[in-house]
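Grab a pencil and open the viewer.

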Amino acid sequence: MSKRIEAKNVDIYYSKFKAVEDVNMVIEPRAVTAFIGPSGCGKTTFLRTLNRMHEVIPGAYVDGRIDLDGEDLYGPGVDPVNVRRKVGMVFQRPNPFPTMSIKENVLAGLRLNNKSAGTSEQDEIAEKALRGANLWEEVKNRLDLPGSGLSGGQQQRLCIARAIAMSPEVLLMDEPCSALDPISTLAIEDLIQELKATYTIVIVTHNMQQAARVSDTTAFFNIAGTGQPGKLIEMDSTEKIFSTPTVKATEDYITGRFG
Amino acid sequence: MSTATLTPKRSASPSNSLTAGQLPAWTTPVVGAASLAVGFLAAWLLTGEIGLGLGVALSALVFLVVMHVASLTIEGGRRATDRLAKHLVVGMFLLALLPLVSVSLTALTNGINRLDPTFFSTSMRNIVGAGGGAAHAIWGTLIITGVAMAISVPIGLLTAVYLAEYGQGKPLARSITFFVDVMTGIPSIVAGLFAYALFGVLFGIGTVNGMGGAVALSVLMIPVVVRSTEELLRIVPNELREASYALGVPKWKTIMRIVIPTAISGIVAGVILALARIIGETAPLMIAAGFTQSLNTNPTSGAMMTLPVFVYDQYARPGVPREPYWDRAWAGALTLILIVMLLNLVGRLIAKRFAPKTGR
């Protein structure tokens, strides 16, 4: 189910401003890849290009090639809607739909995409997704209550359940724990470990311990200065990045000498 | 507010650097009563009679000054300013309420006489003097505003969706916004003349019917609906749109199923407000929908009476004796107020029903 992502010479622009320059990387399936780096270095921007969410912002575009198992995401005639159905995303701040109940939130992707499913099948999908997101035990008795009544950590897991209910091939996470307390963070990190058995996971994080704990591969992005484009500095196995990085800037960032 | 029940009783600690002078709770009512007495006495001394308006004005002035001085000496400058601002705010609120209460009371006391079953069941056909009613005008108002709503809500809603979701920064969107703003300022009589001229061109000079009235009202209603809906769509958090896109939901469906439902309670409230605004229009309907004394429920042919025009007609062109005509005018005005109240009530219910649930 999970797929391999390959980026070649990717430049990302906001109108005339070049935000990210010349990224080449391979993201392996059934593994967790973490993006680290200082604020404004283009981690999130690059993440959003992986499911074509980048172009939602007016004037934004991408140059280069991003392949999902050999299929070019930016090829001519590619419908971004189809890309996003394969590449799910979890955002920095939990954003359940306020008009929907917990169950409707989980099934939102299915219902809004007109995937017909019987009532029992829907219940099954909802339960599976909520169990997958480690939320089932906490909400099984209040599936029809609004999603916005949950705590922040629960809401974030609800958003993860909503993303995995679509059974995507890749799951992108944009600082999924930055708004959460340590216990909720732990729950989500455990969840990431379970999810990597089935999905390709890419996670952006500002927390280096988190990158070290959850990821198999780490990519370090950096920026030369304000107004300069962000660049991929180094990408290697997490163990290597955190013990013997080849580039001095990576070592400085990880040991806290800057950033 | 009634936080007093929640506050536990504390004994004052003798040495606390945080304490400050405080006016006792009974100051406001006592000073208020005293100011009333002083104010009315002064008014009586000045004019030689008990004048309500002057008395209340003088009392308010006395109250403001006494409270400010008392607070200034006991509580200090910051609290005194706070009290002064509070009293001014409350005073202005009461002042604003005055005409509202006065109008409602006048309409109620004068209109209640004729608010009987006959008023709602008969038209003015072949009625001279007492009796008769506004059935034709009530039906006319309901039909014309209903048609106006059916025209304005889809146009207004879709225009707002274009402006908020698709047109951002485009020249077309900017020009629409500009013309919508201009349209909000159109005098209603111009809207009536526009509809009259339009129907004259389309169906022959002098065409007057309910549709004409509805078109005139739509011209007035559309900009209000566009403006309020656009504002509401803009405050729907972008995160919700992104969450929906990230699930692979197309843009049109995101708007239909996520953005509009999130804002629906406000949109409904905006539409109801716009309705309340146009339902009392008189001038455009006089021109475009005309006058009649009989019931006409077909908006496509013949003149159609409406409540505001009915009120004007009864009041401005009474027969002899005048009283039955004026009674009918008041009853018509009261009916209109009741209809608007009912609309607001329905709007609130709908808004509450659709509002995003918090679940806490």
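**Exercise 1.** Find the residues that Ala161(A) touches, skipping those up to four places away in sequence.

*Solution.* Keep in mind that you're looking at a predicted model. Step one: select Ala161(A) and ignore its sequence neighbours up to four places away. Step two: list what is left, namely Val106(A), Ala129(A), Leu130(A), Gly132(A), Ala133(A) and Leu135(A). Together with Leu171(A), Ala161(A) has the most contacts inside the largest nonpolar core, a set of 145 residues. Helix α8 of chain B, residues 210-234, gives the most to this core, with 14 residues.

**Exercise 2.** Work out whether the radius of gyration of chain A agrees with that of a compact globule.

*Solution.* Start with the chain length, 259 residues. Next, look at the extent: the C-alpha trace spans about 55 × 45 × 30 Å along the principal axes of chain A. Finally, take the contacts in chain A between residues at least 6 apart in sequence: 69% of them join residues at least 24 apart.

**Exercise 3.** Describe the secondary structure of chain A and of its annotated domain.

*Solution.* Count first: chain A has 10 helices and 10 strands. Now turn to the record: an unreviewed UniProt entry annotates residues 5-248 of chain A as "domain: ABC transporter". That span is 34% helix and 27% strand, and its end C-alpha atoms sit 27 Å apart.

**Exercise 4.** Which part of chain B supplies the largest share of the side that touches chain A?

*Solution.* Begin with the totals: 22 residues of chain B are in contact with 25 residues of chain A. On the chain B side, α9 (238-246) and α10 (251-279) each supply at least two residues. The largest share comes from α9(B), with 7 residues. Sorted by type, this side of chain B has 10 nonpolar, 6 polar and 6 charged residues.

**Exercise 5.** Is Ala276(B) buried, partly exposed or exposed?

*Solution.* First, locate Ala276(B) in helix α10 of chain B. Buried needs 20 or more C-beta neighbours within 10 Å, and exposed means 12 or fewer. Ala276(B) has 16 inside 10 Å, so it counts as partly exposed. Leaving aside neighbours within four places in sequence, Ala276(B) is in contact with Val340(B), Leu343(B) and Asn344(B).

Key
Residues numbered from 1 in each chain as written. Chains lettered and ligands numbered in written order. Predicted model: local features only at pLDDT ≥ 70, side-chain atom pairs only at ≥ 80, totals over all residues. Contact = placed C-beta atoms within 7 Å. Helix = DSSP H or I, 4+ residues; strand = E, 2+ residues; numbered from the N terminus. Nonpolar A, V, L, I, M, F, W, Y, C, P; charged D, E, K, R; others polar. Rg over C-alpha atoms; globule rule 2.2 N^0.38 Å. UniProt positions renumbered as here; feature names shortened; annotations may be inferred. Core = buried A, V, L, I, M, F, W, Y, C linked by C-beta atoms within 7 Å.
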